[in-house]
Every structure is written in structure tokens, then in C-alpha cells.
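Q: Hi! I've never looked at this one before, could you walk me through it?

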Amino acid sequence: MAPTFTPRVFSGIQPSGGLTLGNYLGAIKRFVAMQDEGGAETLYCMVDLHAITVWQDPATLRRNTRELAAFYIAAGIDPERSILFNQSRVPEHAQLAWIFNCVARMGWMGRMTQWKDKAGKNSENASLGLFAYPALMAADILVYHATHVPVGEDQKQHLELTRDIAIKFNNDFGVEFFPVTEPVIGGPAMRVMSLRDGTKKMSKSDPSDQSRINLSDDADTIAKKIRKAKTDPEPLPESPEGLKDRPEARNLVEIYAGLADTDVASVIAEHGGRNFGEFKPKLADLAVEKLAPMSAKMRELIADPDEIDRILGRGAERAREIATPILEQTYDIVGMIR
Ligand code: AMP
Ligand code: TRP
């Protein structure tokens, strides 16, 4: 009989700086919801080992890691109820990743779109770590036997690879040791698009700052960016189907729904037929109302880096209590004398 695994949620974000509304609505907001539901243990991580697959200035990396920790906490992750830590402090991730490097196949990695995008034409010059990135990600998840992983849609392929690694390991060694993890992708605004182009993801790497809302933006900047967001000349449709082929309109409605904790249908029921001249100020007010307290709290937390480091140290200790026995069993299955 297949073993049952304790429900456990894991997710991670790279501390590579520049947090946006996309990170909040597409990732952290759902992390908080899963913590608050209380049905599973929740582990949230700053994946610093992933960040260094491309060059990071050491001082900046340290700053970005603390800033991301502050963001998690300001957004509602409670370091008592969830386990919050940075990846490199739990060496079991890198240890299991090595084993997974030997399970995963070159062909699997070569098919990853993130690898192809990031390495580009110059793949000979990309780091070996960038190629092996998804095996480390699988280790992040499976070293806790995590059963559920909330991520944005762009990480779906990596999660499928995590499942492939778990299945191949279990088959190769004739065990049912690793769970086949479920991706948790969904909710409104799961993919927040650029404010300048509704077909492109909102991203910290977009050259135009007008394309995104940064968590560090002040109220005026947020309002201005929303007012200037690209739209079409039509008013909001009277039904959700009317958003079809209107990517910019859809994006603003989804952002509204995400921030208001509701769905697209309800936003349309309330605002359908309105012009953007009317809708945008409402969206701006809502965005400021939700984001301003969060950035204020973040600034307060960042002012005390020692406290952040202490929280992360404690999180790492708790994480290791789960990871150590699972890694030990893995070594045993593989045939390592311990
Ligand atoms: P990144 O900052 O791109 O490394 O992403 C960190 C997390 O935020 C991942 O779970 C992403 O899927 C999520 N994320 C980033 N940008 C967006 C976006 N525009 N819409 C939805 N989710 C996003
Ligand atoms: N690859 C993810 C991203 O870029 C970050 C990540 C690393 C992650 N390890 C993870 C996400 C484990 C979920 C689970 O967003």
C-alpha cells in the first residue's frame, strides 16, 4: 500500500531583489492563506543557493535576503506558526540535491524553459548550477516530504520535474519514499501582467519601472502607475466573458480581485460598465490601502537586521529537525554507509 504523507507545504523565493505586486499576489499572499488555513505545516524559504546560479554581489545578496524575510513577515507569515529560513542554513538541501543530480537526466534539464531563457544562446558560459537548478528545487521540496507547493504558473514545469525525480528515485530503488508533490496554482491574479503590456508578466527585470508596482513604491507612485496603466478605450464589460481578448483590462480586474480577496466575477458585478477613468482611482486606492502598511512594516523590520537573522536561525533549526532524518533515510536507501 502506498504510504500516506503528512500534509506539508513548502515554497521558496529567490532573494534576488526587487519585489513586485506579482510576487505578492502570485506567491506570498497564497503562502499566508495556506499558513492561516492551518491544515498543514508550512515552510517558507529564501532560496539563496538558487540566487547564486547567476552572479550576486555578496553584500547585496545579504541585504536582499533580509529584505525578503521582512517581506514575508510583513505580508503575514508568522515565524512561530510557519518555519521561515534561508536555504543555505539547512545543508540538507544541497546534500539531497547532489543525489538528485544523479537521478535526473541531462535531457530533462535541457528541456526546462527557464534554463533556455536564462542561459540563452550563451549556454556554454552559463553556470553548471543554473543547469542543475531544478534538481536543487526538487531537493528543497522533497527533503521535507512536502506534499503541496504553491507557486506561480511559471514554476509549473519545475514542479513537474520534481515529480519526475521523485517517481524515478522511487522506481530505481524500489521504494515508495518520496511523495509525488502537488503544485498549488490558482486563485485570481495568479499571473500578474505588466502595466504597459497585458501579454507580458509583471517582472522586476522589465526595463520600464512603469510596468510594475514595486513593494518599495510610495502611495503617490503606486497611484500614478495605475492611472497611467495601459488600457483599451472600452469601459469594463458587463460580464467576465467580455474580458476575452482584452489583456490589459483583464489584468487590472484580476489585480483588483486579488487585492480585494474576491474574484473576477464579483469585481465585474460591482464595476462592470464603468470607464477606466472611474475604475483606476478605485484600484489605486485599494492598492495603496493594502500595500502601504506592508511596506511600512517591512521598513521597520529591516531596521533591526539582528532580529531578522535570529528569526531565520531559529527557522533553520526547526527545518533541520524535519530534514535530517529524511536525508539519513535517503542515504541509507542509496547504499551509503553511515
Ligand atoms: P521571482 O521574483 O520571479 O523569482 O518570483 C518569485 C515568486 O513570485 C514565484 O513563485 C513566482 O511565480 C511569483 N511571481 C513573480 N512574478 C509574478 C507575476 N507577475 N505574477 C504572478 N506570480 C509572480
Ligand atoms: N524556482 C523558484 C522561483 O524562481 C524558487 C524556488 C526554489 C522554489 N526552490 C523552490 C519554489 C521550491 C517552490 C519550491 O520562483
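What follows is a chat about the two ligands and a few residues of this model.

Q: Before we start, what kind of model is it, and how are things numbered?

A: It's a predicted model: local features need pLDDT of at least 70, side-chain atom pairs count only at pLDDT 80 or more, and totals for chains, interfaces and linings use all residues. Residues are numbered from 1 along each chain as its sequence is written, chains are lettered from A and ligands numbered from 1 in the order in which they are written, and side-chain values use heavy atoms, with hydrogens and water left out.

Q: Great. How many residues surround ligand 1, and which are the closest?

A: There are 13 around ligand 1, and Asn 23, Asp 154, Met 190, Val 192 and Met 202 are the closest. A residue is near a molecule if one of its heavy atoms lies within 4 Å of it.

Q: Which helix gives the most to the shell around ligand 1?

A: That's helix α1, residues 21–37, with four residues. Helices here are DSSP runs (H or I, at least four residues), strands are too (E, at least two), and both are numbered from the N terminus.

Q: What sort of residues make up that shell?

A: The shell around ligand 1 divides into five nonpolar, four polar and four charged residues. Ala, Val, Leu, Ile, Met, Phe, Trp, Tyr, Cys and Pro count as nonpolar, Asp, Glu, Lys and Arg as charged, and the others, Gly among them, as polar.

Q: On to ligand 2. Which residues are closest to it?

A: Gly 12, Tyr 133, Met 137, Asp 140 and Gln 155 are the closest of the 13 residues that surround ligand 2.

Q: Where are its polar neighbours, and how far away?

A: A polar side-chain atom of Tyr 133 lies 2.6 Å from a nitrogen atom of ligand 2. The side chain of Asp 140 has an N or O atom 2.6 Å from a nitrogen atom of the ligand. For Gln 14, a polar side-chain atom is 3.4 Å from an oxygen atom of ligand 2. The protein buries 90% of the 360 Å² that ligand 2 exposes when taken alone.

Q: Which elements supply that shell?

A: β1 (8–13) and α7 (128–142) each supply at least two residues, and α7 gives the most, with four. By type, the shell around ligand 2 has seven nonpolar residues, five polar and one charged.

Q: Changing topic: is Glu 92 buried or exposed?

A: Glu 92 is buried, with a relative accessible area of 3%. Buried means under 20%, exposed over 50%, and partly exposed in between (1.4 Å probe, protein chains only). Glu 92 is in helix α4, residues 92–101, and its side chain makes a polar contact with the side chain of Arg 320 at 3.1 Å.

Q: What about Thr 53?

A: Thr 53 also counts as buried, at 9% relative accessibility. Its place is in the loop between α2 (48–51) and α3.

Q: Last one: what is the phi of Asp 245?

A: It is near 60°, a positive value in a residue other than glycine. Asp 245 sits in the loop between α9 (219–227) and α10 (247–260), and is exposed, with a relative accessible area of 69%.

Definitions and conventions
Polar contact = N/O pair within 3.5 Å; in protein donor to acceptor, adjacent residues only side chain to side chain. Areas by Shrake-Rupley, 256 points an atom, 1.4 Å probe, with all protein chains shown as cover.
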